[in-house]
Amino acid sequence: MKSSYIQARFWQSSKMPAMMLALASSISYTPLTQAGATFKIDDTKWVSIGAGLRTSFEAKEDSAGTPGNSQWSNDFALDNIRLYLNAQIHKYIKLEFNTDCQTCSNGGEMRILDAIGKIEYNPYINLWMGRMLVPAERREMNGPFYSAIYNIFASGTPFESADYNLVIKSDGTSAGSFGRDDGATFWGAAFDGRLQYAFGFFRGLRGGANVDDNILYAQRVAYNFWEVEKNPGYYTSGTYYGKGGDILTVAIANQYQEDGAGTSFDPGSFRGTSADILLEKVLPNEGVITFNGEYKNYGIGNGYSQATRDAFPTAGFSMFEGNAFDVSGMYLIPDKIWIGQFQPYFRYTNVMPSTSSDREAYEGGVNYVIDGHNAKVSLSWTYGDLLTKGLNYTSSATGDHVNAIKLGFQLQI
């Protein structure tokens with residue numbers, strides 16, 4: 001979550017202690033992008049807080065009973081509940097701390113999502129250290145709250161190493177959590193902000209195949225041909241709902257870790273390369289067309305044979321090998337209906353493993369956009385054989401084509 005966007009909204013109450021009332025009177029309401037208010041300590045120090053919620057209902061075909069019958073499952077889910085905290089300690093030094101319910105489907109445990117110490121000196125070079133997003137393709141840099149589609153991580157392209165496991169472990173089955181890992185990232189921009197870069201160094205796979213503690217290297221470079229995208233750090237957005245003007249940005253990203261896949265007795269080096277594009281055009285009638293495209297090529301070298309994967313399908317770190325792409329297009333209708341605007345969209349995903357059959361999915365839906373990424377409702381229909389498979393696609397079997405309908409709500413402040 002890009003919590004530099006989020007500033008706390010402070011509500012006074014007659015039951016509030018006198019100290020809190022005094023603090024409330026000193027709040028400075030600083031106009032930031034999609035921001036509320038900050039707690040100002042002095043001319044350089046401030047603290048901001050925020051929260052985000054994503055919750056959904058899904059009905060899926062054939063998953064409530066025996067495959068091939070007409071039964072549908074019905075399931076409510078708490079997808080995310082996040083708390084954000086940002087602070088500035090010095091003109092050049094900042095702090096970011098975010099939490100999330102990382103095991104929401106099993107009752108939910110609030111865990112550390114981001115914990116970043118930031119040295120931000122000038123537009124050209126800055127340093128973040130701690131637990132943060134590993135530089136990757138736009139989908140990962142958007143995160144769930146700033147993607148154009150609610151289901152962006154479902155029926156999508158394979159995950160990177162840092163998304164392989166929901167929790168961080170050191171037993172050879174985890175290289176991070178929710179796209180985050182412990183490490184450091186240098187980032188910045190040049191040529192009036194058009195050329196943006198992020199170079200990161202992370203722990204990556206812990207234990208297992210990586211007995212030598214090799215570092216994971218991650219890079220992302222993007223070029224803004226039209227308007228320059230404005231986001232905190234090296235983060236991105238899947239749409240700006242026309243508020244950012246006409247945008248055409250192309251980026252490439254790469255991750256590599258020696259012995260970053262496999263098992264201790266059959267390690268392999270992981271490489272994940274991707275390219276992505278965002279095109280957003282504001283039309284004369286103030287409608288907005290948005291196109292997102294993504295291509296991935298993943299490979300495992302220097303070992304980790306298919307024979308090992310077939311013999312031990314649940315052992316080790318079974319990263320995807322092959323190609324995948326994901327394209328989507330949408331149109332934000334300019335006329336407001338009640339308190340929001342409708343945004344119909346279509347998405348197509350194809351995953352092509354090197355050792356098994358292709359998987360593809362079609363998705364159509366409509367977003368009801370109330371306040372950009374801060375408040376929206378999404379209704380979608382998906383049909384494909386990706387719905388029954390994990391996002392690493394290492395199985396040699398192909399899933400059955402199924403239908404799924406999802407209603408999602410997103411709120412944040």
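Is Phe159 buried or exposed? In this predicted model, Phe159 counts as buried, because its relative accessibility is 14% and the limit for burial is under 20%.

## Aromatic pairs

The structure holds 17 aromatic pairs. A pair of aromatic rings is described by the distance of the centres and the angle of the planes. One of the pairs joins Phe57 to Phe76, with ring centres 4.8 Å apart.

The partners Phe57 and Phe76 come from distant parts of the chain, 19 residues apart. Phe57 belongs to strand β2 (residues 46–61), whereas Phe76 belongs to strand β3 (residues 72–90). Their accessibility can also be stated. Phe57 has a relative accessible area of 26% and is therefore partly exposed, while Phe76, with a relative accessible area of 68%, is exposed. The limit for the exposed class is over 50%.

## The pair of Phe153 and Phe159

Phe159 is paired with Phe153, and the centres of the two rings lie 5.9 Å apart. The planes of Phe153 and Phe159 are at 50 degrees, so this pair is tilted. Phe153 has a relative accessibility of 22% and counts as partly exposed, whereas Phe159, at 14%, counts as buried.

## Aromatic cluster and charges over rings

Trp128, Trp187, Tyr234 and Tyr235 together make up one aromatic cluster.

Arg54 lies over the face of Tyr150, and the distance to the ring centre is 3.9 Å.

Thr249 is part of strand β10 (residues 247–263). Its relative accessibility is 1%, so Thr249 counts as buried.

The contact with the side chain of Asn224 is at 3.1 Å, and the contact with the side chain of Glu229 is at 2.8 Å. Apart from neighbours within four places in sequence, Thr249 is in contact with Asn224 and Glu229, and also with Arg138, Ala222, Tyr223, Asp276, Ile277 and Leu278.

Methods
Residues are numbered from 1 along each chain as its sequence is written. This is a predicted model: local features need pLDDT of at least 70, side-chain atom pairs count only at pLDDT 80 or more; totals for chains, interfaces and linings use all residues. Side-chain values use heavy atoms; hydrogens and water are left out. Rings of Phe, Tyr and Trp (its six-membered ring) pair if their centres lie within 6.5 Å; planes under 30 degrees apart count as stacked, over 60 as edge-to-face and the rest as tilted. Helices (H or I, at least four residues) and strands (E, at least two) are DSSP runs, numbered from the N terminus. Buried means under 20% relative accessible area, exposed over 50%, partly exposed in between (1.4 Å probe, protein chains only). A charge sits over a ring if NZ of Lys or CZ of Arg is within 6 Å of the ring centre and within 35 degrees of the ring normal. A polar contact is a pair of N or O atoms within 3.5 Å; within protein, one must be able to donate a hydrogen and the other to accept it, and residues adjacent in sequence count only if both atoms are side-chain atoms. Contact means heavy atoms within 4.5 Å.
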